[in-house]
Amino acid sequence: APKTYNALDQRSRIMYEVQRWGQKFGCDVLALQECEAEAGYAELLDKFDLAGAAEAKENRGWVHVYVRRREDVQIERLEWSAAEPCVAVRLRMRAGLPGERSLVVLAVHLPLKAGRNVLERALRRLGEGDREKVVIVGDTNLNKDADVMAICEGMGLKDARYAGFSWGVPGNQFFADMARVGAGLRKDRVLFGKNIWAEAHLVGQSEQFFEGEKFHLSDHFGLMAYVDVADAYASRAKQAIVVARERRGQLVRLMEQNKQNELV
């Protein structure tokens with residue numbers, strides 16, 4: 001961006017983009033990395049509660065998790081080590097009513113080194129029931145699909161694979177000295193437990209314009225995830241397999257439709 005484009009311009013545009021996602025996609029949860037401080041953003045707090053924040057000391061800034069205010073959802077912040085860049089929040093949907101379901105959102109900004117160790121410690125802190133219903137989102141700094149596959153196999157997780165790359169994409173020269181890495185890297189991920197299915201696509205890829213200059217808002221593109229919680233995903237019963245297949249199909253159709261709308 002040109003030198004006349006300042007930090008207030010950047011914050012205004014990023015907040016507009018995040019608010020647009022909330023309106024367009026009906027987002028219930030927002031997970032942000034590299035926030036300037038522990039306090040929540042005033043632009044989001046009219047519709048969302050700041051459910052938790054953690055400092056990413058080995059990277060930059062803070063991890064924030066926001067949850068949309070809804071009468072049918074209860075929020076519980078899980079206790080965590082202040083030394084690790086993770087925020088864990090349990091969401092209880094239709095709490096106390098028939099059909100109550102729960103979901104744990106684990107938002108991370110993993111360090112470049114020992115990120116896998118941080119992730120393994122985080123999952124060990126969760127009970128087995130929570131690990132089955134966890135969604136891990138954020139900047140994992142895991143560059144290779146083979147490494148992510150090995151982590152998923154070892155931890156009983158799945159990876160919501162998406163088209164394209166979230167970092168280092170040709171044409172996004174956010175930093176003047178950014179090195180080329182081919183087509184790009186999938187540093188940002190959505191991983192999920194066995195009682196969940198998730199689909200994802202990229203957002204925030206639009207080019208910005210200011211005083212005749214063209215640039216992007218970040219070196220990372222965001223991820224939009226669609227998450228479904230159902231015991232059928234972990235069952236091997238014939239009827240459950242049929243139900244899980246149908247639910248996955250509905251989620252894929254929703255994701256593909258919204259992905260296309262976002263590209264347009």
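**Ground rules**

Two strands count as paired if DSSP finds at least two bridges between them. I also noted that helices (H or I, at least four residues) and strands (E, at least two) are DSSP runs, numbered from the N terminus. My model is a predicted one, where local features need pLDDT of at least 70 and side-chain atom pairs count only at pLDDT 80 or more, while totals for chains, interfaces and linings use all residues. Residues are numbered from 1 along each chain as its sequence is written, and side-chain values use heavy atoms, with hydrogens and water left out.

**The whole chain**

I began with the overall inventory and found five helices and 13 strands in the chain.

Next I looked up the radius of gyration, which is taken over C-alpha atoms, with a globule rule of 2.2 Å times the number of residues to the power 0.38. For 264 residues, a compact globule would come out near 18 Å, and the chain has 18 Å, so the two agree. I then fitted a box along the principal axes, and the C-alpha atoms fill roughly 60 × 40 × 40 Å.

For burial I used these cut-offs: buried is under 20% relative accessible area, exposed is over 50%, and partly exposed is in between (1.4 Å probe, protein chains only). Buried residues make up 45% of the 264 residues.

The accessible surface (Shrake-Rupley method, 1.4 Å probe; for residues, only the protein chains shown count as cover) is about 14100 Å², and 50% of it belongs to carbon and sulfur atoms.

I looked up contacts too, meaning heavy atoms within 4.5 Å. Among contacts between residues at least 6 apart in sequence, 64% join residues at least 24 apart.

For charges, Lys and Arg count as positive and Asp and Glu as negative, with His and the chain ends not counted. Each charge is placed at NZ of Lys, CZ of Arg, CG of Asp or CD of Glu. I have 39 positive and 38 negative side chains in my notes, and the centres of the two sets lie 5 Å apart.

**The six-stranded sheet**

In which order do the six strands of the open sheet stand? I read it as β4-β5-β6-β7-β9-β8, with mixed pairing. The edge strands are β4 (73–77) and β8 (158–159), each of which pairs on one side only.

Five bridges join β4 to β5 in the antiparallel sense, and here E76 stands opposite R90 of β5. Strand β5 (residues 86–93) is mostly covered, with six of its eight residues buried. On to β6 (residues 101–109): β5 pairs with this strand over eight bridges, again antiparallel. One of the partners I jotted down is M93, whose bridge partner in β6 is R101.

Strands β8 and β9 (residues 188–192) run antiparallel and are joined by two bridges. D159 has L191 of β9 as its bridge partner, and K158 has F192. β9 is also joined to β7 (residues 134–139), by five bridges and antiparallel. There I found I136 opposite L191, the residue that also partners D159.

Is β9 enclosed or open? Five of the five residues of β9 are buried, so this strand is largely enclosed by the rest of the structure.

**Residues I stopped at**

E213 is in strand β12 (residues 213–215). E213 counts as partly exposed because its relative accessible area is 42%. Which residues does E213 contact, leaving aside its neighbours within four places in sequence? I found P2 and Q208. E213 and A1 are 212 residues apart along the chain, yet their C-alpha atoms are separated by 6.5 Å.

N261 sits in helix α5 (residues 238–263) and is partly exposed, at 40% relative accessibility. From N261 to L112 I noted 34 Å, C-alpha to C-alpha, and 149 residues in sequence.

I also looked for positive phi values in residues other than glycine. A114 has phi near 65° and lies in the loop between β6 and α2 (115–125); with 45% relative accessibility, A114 is partly exposed. E211 has phi near 50° and lies in the loop between β11 (208–210) and β12. At 58% relative accessibility, E211 counts as exposed.
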